[in-house]
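This report covers one protein chain.

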Amino acid sequence: MSEVGADALRLPSDDLVLPFSVNALDVRGRVAHLGPVVDTVLSRHGYPDTVARLLGEALVLTVLLGSALKFEGRFITQIQSDGPINLLVVDFRSPERVRAYARFDEAAIAARAEAGTLGFRDLVGTGHLALTIDPGGHMRRYQGVVPLDGDSLEEVAHAYFEQSEQIPTTVRLAVAEVFDRQEGEAPRQSWRAGGVLVQFLPESEDRIRHRDLDPGDAPAASAAMPVDDDDAWVEALARVGTLEDVELIDPDVAPPRLLLRLFHERDVRVFDPVAVEEICSCSRERVEGIVRQFGDDERREMIENGEIVVTCEFCSSTYRFDPSDFEADA
């Protein structure tokens, strides 16, 4: 842990998560800046803007939470709904690998766009947000589920923290498409995303509400005590509330500089950053193993031009197999 000095200010701006603490306000948190990672995920599938923005927000939220795992496991964010965007999955494998995809009704999205009804509720309808911690092996999984009751993913995330974690938490998410122009090259559009998560974790016994929980431990059933009147938390909320979307995605405002803007008078300290990479875990061997689990009739339905064809929903890689390779499984 160190103060935000010259070394921290030289950190790369993109594709990292920077943990921090502000002891004067009893808060801890993380800042995420995503450039090539989010651009790769969103550009690969050519999502409509509204779908891309929501998936980008979910990716930032997942990276903020998953990078806090203290073991090699998975943190999975999933939205399922009856709306035009009916499935959204972000899979983070600690310490740094992430992949994501969205499934949507293209005609329904176009109809919403024509009608001018592209709000969060219009896109997701009725459904739920599930956040899952999977330590792997024989260890117990922990999952928190909340309904999609809110006007943004931020609001739904706040409901999750209030109901499942019971730790006072605020989160800001931003996604935008920007123009980038290198000398001698034509302008290029690319996606950028960023976010901040701040949690109130006082140490003094007369102020503490709930201590931070080890990943995978279900929270106690008792309700969290209100902290709306705590001056430190009120100040932290006010400072985070000044953030604008452009600050969260600006490549010239790296996470250390953003933290200095927010807490320069409060001795903000940073921890080791976590680099984030877009890497899919699919492989020919994995896909072949999955295909072998299907019955003959299901495999026959997968045949295209004499081959069994499987496309990874995350990275769009296509795997082709000879149907005769699976005849021994019949």
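Which residue in β15 is the bridge partner of Glu-304? The partner is Glu-307.

## Model and confidence

This is a predicted model, in which local features need pLDDT of at least 70, side-chain atom pairs count only at pLDDT 80 or more, and totals for chains, interfaces and linings use all residues. Residues are numbered from 1 along each chain as its sequence is written, and side-chain values use heavy atoms, with hydrogens and water left out.

The pLDDT is the predictor's confidence in each residue, from 0 to 100. The protein chain averages 86, and 87% of its residues score at least 70. Residues 209-225 fall below 50. Beyond near neighbours in sequence, this stretch has 37 contacts in the model; a contact means heavy atoms within 4.5 Å. Where pLDDT is low, the predicted coordinates should not be read in detail.

## Overall make-up

The protein chain has 11 helices and 16 strands. Both are DSSP runs numbered from the N terminus: helices are H or I with at least four residues, strands are E with at least two. Of the 330 residues, 49% count as buried. Buried means under 20% relative accessible area, exposed over 50%, and partly exposed in between, with a 1.4 Å probe and protein chains only.

Residues 24 or more positions apart account for 64% of them.

## The three-stranded sheet

Strands β14, β15 and β16 form an open sheet in that order, with antiparallel pairing. Two strands pair if DSSP finds at least two bridges between them. The edges are β14 (303-304) and β16, each pairing on one side only. β14 is joined to β15 by two bridges. Four bridges join β15 (residues 307-311) to β16. Across that pairing, Val-310 stands opposite Tyr-319.

The hairpin of β15 and β16 has six residues between the strands. Within this hairpin, Ser-316 takes a positive phi near 70°. In a regular strand the side chains alternate between the two faces of the sheet. β16 (residues 318-321) has a covered face with Tyr-319 and Phe-321. Its uncovered face holds Thr-318 and Arg-320.

## The six-stranded sheet

A second open sheet runs β8-β7-β4-β5-β6-β13, with mixed pairing. Its edge strands are β8 (142-147) and β13, and each pairs on one side only. β4 (residues 74-81) meets β5 in the antiparallel sense over seven bridges. There, Thr-77 stands opposite Val-90.

β5 (residues 85-93) and β6 (residues 97-104) are antiparallel too, over eight bridges. Leu-88 faces Ala-102 across this pair. A hairpin of three residues joins the two strands. On β13 (residues 277-278), the pairing with β6 is parallel, over two bridges. Here Arg-97 stands opposite Glu-277.

## Cavity

Rolling a probe the size of a water molecule over the atoms shows where empty space is left. The search uses a 1 Å grid over the protein atoms alone. A cavity is a set of points where a 1.4 Å probe fits but cannot get out; a pocket is an open set with protein on both sides within 12 Å along at least five of seven lines. Lining residues have an atom within 4 Å of a point. Grid points are joined across faces, edges and corners, and a volume is the space filled by probe spheres set on the points.

One cavity of 30 Å³ or more is found. The lining is Asp-91, Arg-93, Arg-97, Val-98, Arg-99, Ile-279, Cys-280 and Ser-281. By class, the lining has three nonpolar, one polar and four charged residues. Ala, Val, Leu, Ile, Met, Phe, Trp, Tyr, Cys and Pro count as nonpolar, Asp, Glu, Lys and Arg as charged, and the others, Gly among them, as polar.

## Second largest pocket

The second largest pocket holds about 450 Å³ of space. It is lined by 17 residues. Nearest its centre lie Arg-99, Cys-282, Ile-290, Cys-312 and Phe-314. β6, α10 (284-292) and β15 are the elements that give two or more residues to this lining. The largest share, four residues, comes from α10. The lining divides into 11 nonpolar, two polar and four charged residues.
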